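Morning, everyone. Please have a look at it first.

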Amino acid sequence: MTSSKCSTWSFNTLVLLTCLLILSAAPAFAQLSSATLNGVVRDSTGAVIARANVVLTNVDTSIERVTASNDTGSYVFADITPGRYTLRVTAPSFSTKEVSAFVLAVNQTATIDVALAV
């Protein structure tokens with residue numbers, strides 16, 4: 001190989017490796033700066049409630065995230081920006097349950113189980 005071809009190949013390899021390093025680090029930063037909330041929605045007898053509407057609201061920004069409980073009553077909110085939140089759970093034929101403000105911290109996995117009354 002000539003000197004100029006060798007230099008071009010080395011430079012291109014360096015650029016490619018640098019790009020790969022930067023791209024592989026991005027998901028790690030996202031994981032370290034978020035929180036997760038999960039729980040189970042049940043009725044007053046302890047039976048799970050499927051398809052309950054679960055709304056997580058950031059107190060400071062009013063941004064809402066919505067999900068539904070699955071067939072086992074479980075719900076999950078992943079990749080949440082740390083902050084102060086409220087939780088509201090509703091289901092047909094049940095009263096609404098509101099959980100007052102709580103804090104989700106960086107890299108925290110919190111569990112809030114909710115019991116709905118008829």
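Asparagine 58 counts as buried, at 8% relative accessibility. Buried means under 20% relative accessible area, exposed over 50%, partly exposed in between, with a 1.4 Å probe and protein chains only.

Some ground rules. This is a predicted model: local features need pLDDT of at least 70, side-chain atom pairs count only at pLDDT 80 or more, and totals for chains, interfaces and linings use all residues. Residues are numbered from 1 along each chain as its sequence is written, and side-chain values use heavy atoms, with hydrogens and water left out.

Back to asparagine 58. Its place is strand β2; strands are DSSP runs of E, at least two residues, and helices runs of H or I, at least four, numbered from the N terminus. A polar atom of its side chain lies 3.0 Å from the backbone nitrogen of threonine 61. Beyond neighbours within four places in sequence, asparagine 58 is in contact (heavy atoms within 4.5 Å) with Ile63, Arg84 and Tyr85.

Now the sheet. It is open, with 4 strands in the order β3-β2-β5-β6 and antiparallel pairing; strands pair if DSSP finds at least two bridges between them. β3 (64-68) and β6 (97-104) are at the edges with a single partner strand each, so one side of each has no neighbour in the sheet. Between β2 and β5 there are 6 bridges. Valine 54 has valine 89 in β5 as its bridge partner.

Last, serine 34. This residue sits in the loop between α1 and β1. Serine 34 is buried too, at 11% relative accessibility. Its C-alpha is 5.1 Å from that of threonine 81, 47 residues apart along the chain.

Definitions and conventions:
A polar contact is a pair of N or O atoms within 3.5 Å; within protein, one must be able to donate a hydrogen and the other to accept it, and residues adjacent in sequence count only if both atoms are side-chain atoms.
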